[in-house]
Amino acid sequence: MARVDPYKDYRFQVEIDGIAPSRFLECTGLGSEVAVIEYREGGDPTAVRKLPGRASFSDITLKRGITESHDLYDWHRALLQGQNDRRSGSIRLLDDEGAEVVRWVFSEAWPRKYEGPSLNAMGNQVAIETFILTCESLERVT
């Protein structure tokens with residue numbers, strides 16, 4: 001049987017409806033969870049049954065170096081001004097040749113938090129901005 005190596009985590013693309021393509025340094029939070037509902041049956045007070053409850057999806061955190069592009073910030077600013085602007089998108093994991101190998105699709109997302117860079121006159125690091133997206137669904141489709 002041939003050995004199958006896991007994919008590397010550094011080649012990925014983020015696509016969001018209506019947002020110009022941008023490169024991100026980091027993308028975290030690709031997860032979901034199902035709450036547990038516990039109840040006891042009447043005949044046996046020590047037996048606890050567990051049932052699946054409500055599903056929830058993690059916030060997606062995107063980090064990138066600041067550039068002249070401000071599409072994501074403008075989307076966040078529109079929400080601060082009371083506009084309900086939800087969008088769909090995907091995160092694509094790429095192999096060494098640049099072909100898509102895994103895709104996560106999210107929907108009804110909006111940027112709930114923007115965090116500007118930490119600035120230091122003595123440093124020489126890239127200025128990083130962070131966006132946290134809240135979504136109503138996230139699914140691994142490939």
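Guide: Begin with two terms. Buried means under 20% relative accessible area, exposed over 50%, and partly exposed in between, using a 1.4 Å probe and protein chains only. Helices (H or I, at least four residues) and strands (E, at least two) are DSSP runs, numbered from the N terminus. In strand β8 (residues 128-134), 6 of the 7 residues are buried, so by this definition the strand is mostly covered.

Visitor: What should I know about the source of the model?

Guide: This is a predicted model, in which local features need pLDDT of at least 70 and side-chain atom pairs count only at pLDDT 80 or more, while totals for chains, interfaces and linings use all residues. Residues are numbered from 1 along each chain as its sequence is written, and side-chain values use heavy atoms, with hydrogens and water left out.

Visitor: Which strands pair with β8, and in which sense?

Guide: Two strands pair if DSSP finds at least two bridges between them. Strand β5 (residues 60-65) runs antiparallel to β8, joined by 6 bridges. Here glycine 65 stands opposite isoleucine 128 of β8. Strand β7 also pairs with β8 in the antiparallel sense, over 5 bridges. In that pairing, lysine 113 has isoleucine 132 in β8 as its bridge partner.

Visitor: How many aromatic pairs does the structure hold?

Guide: Rings of Phe, Tyr and Trp (its six-membered ring) pair if their centres lie within 6.5 Å; planes under 30 degrees apart count as stacked, over 60 as edge-to-face and the rest as tilted. The structure holds 2 such pairs. For tyrosine 73 and tyrosine 114, the ring centres are 4.9 Å apart and the planes stand at 70°, so this pair is edge-to-face. Tyrosine 73 belongs to helix α1 (residues 71-80) and tyrosine 114 to strand β7, so the pair ties together parts 41 residues apart in sequence. The other pair is tilted, because the rings of tyrosine 114 and phenylalanine 131 have planes at 50°, with centres 5.1 Å apart. Phenylalanine 131 lies in strand β8, so its pairing with tyrosine 114 of β7 ties together parts 17 residues apart in sequence. Tyr73, Tyr114 and Phe131 form one aromatic cluster.

Visitor: Is arginine 92 buried or exposed, and what does its side chain contact?

Guide: Arginine 92, in strand β6 (residues 87-94), counts as buried because its relative accessibility is 15%. A polar contact is a pair of N or O atoms within 3.5 Å; within protein, one must be able to donate a hydrogen and the other to accept it, and residues adjacent in sequence count only if both atoms are side-chain atoms. The arginine 92 side chain makes one with the side chain of glutamine 13, at 2.5 Å, and one with that of glutamate 100, at 2.7 Å. Contact in general means heavy atoms within 4.5 Å. Leaving out residues up to four places away in sequence, arginine 92 touches residues including Arg11, Phe12 and Glu15.

Visitor: Where is glutamate 97, and is it buried or exposed?

Guide: Glutamate 97 sits in the loop between β6 and β7 (100-115) and counts as exposed, at 70% relative accessibility.
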